[in-house]
Amino acid sequence: MALLKSIAFTAVALVALSAGAIATAQASSGGPTVASFDHGALDTLIELGLAEKVIAVPLTGLPDYLSGIEQGRTDVGNLKTPDLNAVRGADPDIILITGRQSANLEGLQAIAEIRNVSLEGGDYQTSVTEKVMGLAALYDHESAARDRLSELWSHIKRRREAISNVPEVVVVTHNNGHFSLRREPVVFELLGLQEPALPEEVKPVTVLDAKLWYLSEAGLQSTKLQVDEVIAAITR
């Protein structure tokens, strides 16, 4: 019988996640200042040594791995409901958004240039690469971005190749008492894990860090942390 495990996301029970300190490398003086409503974009800019360019961040629900980024930055609400007055006061050159902010798009457009950093779909590795390179291009940091991406894909390749007795995996989202299956590309594309057709029994269940998975996506730091958390879950 194939080994079957469940990986669950929940807004109630969270697993403590250790992460490296936020990069402190200084960026060049050029390039736009940013209000980021996407944590994956935020952690990418941090990883590229561009943290100083981020002047405004929604601090409500900030994932643990980004702890410390709030210092010296304007709090602009939360990912779903931006504080438009706070964004206006921060006066960024560019506002990074995803579909989460669609209800406030007009208000944000009235403040500054909008850059949608949502993934385009298709192959996940390609989509992440395009997102990272697009952000890096704002600051002429493409060379550094290519280096960081190469390190990320090499890390994932090593983690994937080290898996033995590969289990079948079910990814489940828990929200307000309701469960639903989730086709998570980090699990099934980047790590190549298999999903059973109709699982009759799922055990054991490992609860992942909900903020990391639900509020962050496709960043240089968050992608690596998600991969490492999955590996830890299936090798226990």
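Helices α4 and α5 run roughly antiparallel to each other in this predicted model, because the angle at which they pack, about 155°, lies over the cut-off of 145 degrees.

**The α4 and α5 pair**
- Helix α4 spans residues 124-137 and helix α5 spans residues 142-161, and their axes lie 9 Å apart.
- The crossing in which α4 passes α5 is right-handed.
- On the α4 side the contact is made by Q125, V128, T129, V132, M133, A136 and A137, while α5 contributes E142, A145, R146, L149 and W153.
- Sorted by class, the residues of this contact comprise eight nonpolar, two polar and two charged ones.

**Nonpolar cores**
- The largest nonpolar core is made up of 50 residues, and L45, L96, V187 and L193 are those with the most contacts inside it.
- Helix α8, covering residues 220-234, gives the most to this core, supplying seven residues.
- When neighbours within four places in sequence are left aside, L193 is in contact with I163, V166, V169, V187, F188, V230 and I234.

**I95 in strand β5**
- I95 sits in strand β5, which covers residues 94-97, and is buried, with a relative accessible area of 0%.
- Although I95 and S36 are 59 residues apart along the chain, their C-alpha atoms are separated by 5.9 Å.
- Not counting residues up to four places away in sequence, I95 touches A35, F37, V87, L108, I111, A112, E113, I114 and R115.

Key
Residues numbered from 1 in each chain as written. Predicted model: local features only at pLDDT ≥ 70, side-chain atom pairs only at ≥ 80, totals over all residues. Heavy atoms only, no water. Axes fitted to C-alpha atoms, helices over the stretch in contact; angles between N-to-C directions. Helix = DSSP H or I, 4+ residues; strand = E, 2+ residues; numbered from the N terminus. Parallel < 35°, antiparallel > 145°, perpendicular 65-115°, else oblique. Left-handed = near helix turned anticlockwise from the far one by under 90°. Contact = heavy atoms within 4.5 Å. Nonpolar A, V, L, I, M, F, W, Y, C, P; charged D, E, K, R; others polar. Core = buried A, V, L, I, M, F, W, Y, C linked by side-chain atoms within 4.5 Å. Buried < 20%, exposed > 50% of the residue type's maximum accessible area, 1.4 Å probe, protein only.
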